[in-house]
Amino acid sequence: MGWPCVGAPGPGPWADAMAAHPQARPARVVEQHRSGYVVADATDHAFTVESPPEWQRPPGYKRGKVAPEDRAVVGDWVLVEDGRRIVALLPRRSAIKRGAAGEHYRQQLIAANIDTVLIVCGLDGDFNPRRIERYLLLVQAEGVTPVVVLTKADRPGVDVAAARAGLAAIDLPPPAAADADGAPDTPDPAQDPPRQVEATGSASSGASSAGVAVVAVNARDPASVAALDRFLPPGATAVLVGSSGAGKSTLTNSLLGIERMKTAEVREHDARGRHTTTFRALIALPSGACLIDTPGMRELKPTGEETLADGGFGDIEALAAQCRFRDCAHLKEPGCAVRAAVESGALDAGRLANYLKLRDEVAGAADRLASRVAQQADAKGSSGKRPGAGARGPGGRPPTRPPGGGSGRRG
């Protein structure tokens, strides 16, 4: 199930949490429902557990409440006592999240302990490079490997080359080298930092000039979907994200080799899908990897933790550094290197518009996040506790650092 250590974890937060609960066993969250969780301690052993009482109360950031991001989500590792009760949430090494809808600041976690994010987009009315940029911005904030999966490549009239060209300008950091067998390294969370992977090889797969992998597939054809195998080595965990109707559940069924997830046809006039997947679920693949299927997302709000330069806009940020005025808004200011690049054709006007929109959204979210952090600090101070002190059980924010010790590839 993607256990990140060989045997027991070495010295560090995981070992400390397990020592504090010697009667508990680790298990991974494979389903999350309003009424509780389903966890698994083996690929063939899943069971329902109770969440801690504090998780069952309404979430919040004030004193006595548990922040929504401090509760377990699919992909998290938890400690379970008596085979029925969660007693601790183990620290995450990565988490995919977005800003939740609403007026007040809140984060919504999508999945935890992820190696690869498969950003699924149909080559029909669903294809939108600007939305893919938004996904990449959120993914890069966590340092996991993004892979753009273009489905419906078998449809008549589909131009895969044109779609790749539309994504080529996205300026992500260069990919890491693959293993000699063509598969990406599976990072050891105790030692290796997250990194990108470059897709190479068959006609159905390729990489943009910026290095982000772009793979075009027929999601109904297992032979075509096999192009994704290199991103799903044993022990790795990947999550599927994308709009309803993009083909996430169909991809899951093809990777599994069985019809497990419900699917439905999209509407012909706008390529919109129905929400056939209604909850997140982690599934063990025959390859030994884990795959998380998620419901379609209509809204992708930044959390305020993103960096535009690392999220696909490094080229625009470099141009901005050449503007005459340091506080240039890239609208009508004289000496704007960014506008000059648009006028010369070197920069797509649509990318600039998306950059400006995301820049303002990230800045606004960052301000709300700072207010929330100050609110949490005030609440801790009023309770007489030093910020950051205390046990890290349910309700205590888990650090993002991976568990110490444990080496080798995940099994």
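Predicted model: local features only at pLDDT ≥ 70, side-chain atom pairs only at ≥ 80, totals over all residues.

Colleague: Okay, what is the phi of lysine 152 like?

Modeller: Phi of lysine 152 is near 65°, so a positive value, and this is a residue other than glycine.

Colleague: And is lysine 152 buried or exposed?

Modeller: Lysine 152 has 10% relative accessibility, so it counts as buried. The cut-off for buried is under 20%.

Colleague: Which loop holds histidine 330?

Modeller: Histidine 330 is found in the loop between α6 (314-320) and α7 (337-344). Its phi is positive as well, about 60°, although histidine 330 is not a glycine.

Colleague: Why does histidine 330 count as buried?

Modeller: Because its relative accessibility is 4%, and anything under 20% is called buried.

Colleague: Let's zoom out. How many helices and strands are there in the protein chain?

Modeller: The protein chain has 8 helices and 14 strands.

Colleague: And what share of the residues counts as buried?

Modeller: 52% of the 411 residues in the protein chain.

Colleague: What about the accessible surface of the protein chain?

Modeller: That comes to about 18700 Å², and 50% of it belongs to carbon and sulfur atoms.

Colleague: Of the contacts between residues at least 6 apart in sequence, what share joins residues at least 24 apart?

Modeller: For the protein chain, that share is 68%.

Colleague: Now the strands. Which strand does β1 join by bridges?

Modeller: Strand β1 (residues 25-33) is joined to β2 by 5 bridges, and the two run antiparallel. They form a hairpin, with 2 residues between them.

Colleague: And how does β2 pair with β3?

Modeller: Also in the antiparallel sense: 5 bridges link β2 to strand β3, which covers residues 45-49. β2 and β3 make a hairpin with 2 residues between them.

Colleague: Which residues stand opposite valine 39?

Modeller: Valine 29 stands opposite valine 39 of β2, and valine 39 also stands opposite phenylalanine 47 in β3.

Colleague: Why is β2 described as largely enclosed?

Modeller: Because 5 of the 7 residues of strand β2 (residues 36-42) are buried, the strand is largely enclosed by the rest of the structure.

Colleague: What lines the largest cavity?

Modeller: Its lining residues include Gly99, Glu103, His104, Arg106, Lys301, Pro302 and Arg368. By class, the lining of the largest cavity has 4 nonpolar, 3 polar and 4 charged residues.

Colleague: And what volume does the second largest cavity have?

Modeller: About 50 Å³ for the second largest cavity. Ile96, Ile110, Tyr135, Leu138, Val139, Val241, Met297 and Leu300 line it.

Colleague: How does the lining of the second largest cavity split by class?

Modeller: The second largest cavity has 8 nonpolar lining residues, with no polar and no charged ones.

Colleague: Which helix gives the largest share of the lining there?

Modeller: Helix α2 (residues 129-140), which contributes 3 residues to the lining of the second largest cavity.

Colleague: Great, thanks for the tour!

Conventions. Residues numbered from 1 in each chain as written. Heavy atoms only, no water. Buried < 20%, exposed > 50% of the residue type's maximum accessible area, 1.4 Å probe, protein only. Helix = DSSP H or I, 4+ residues; strand = E, 2+ residues; numbered from the N terminus. Pairing = 2+ DSSP bridges. Contact = heavy atoms within 4.5 Å. Areas by Shrake-Rupley, 256 points an atom, 1.4 Å probe, with all protein chains shown as cover. 1 Å grid on protein atoms, 1.4 Å probe; cavity = no way out; pocket = protein on both sides within 12 Å on 5 of 7 lines; lining within 4 Å. Nonpolar A, V, L, I, M, F, W, Y, C, P; charged D, E, K, R; others polar. Points joined across faces, edges and corners; volume = space filled by probe spheres on them.
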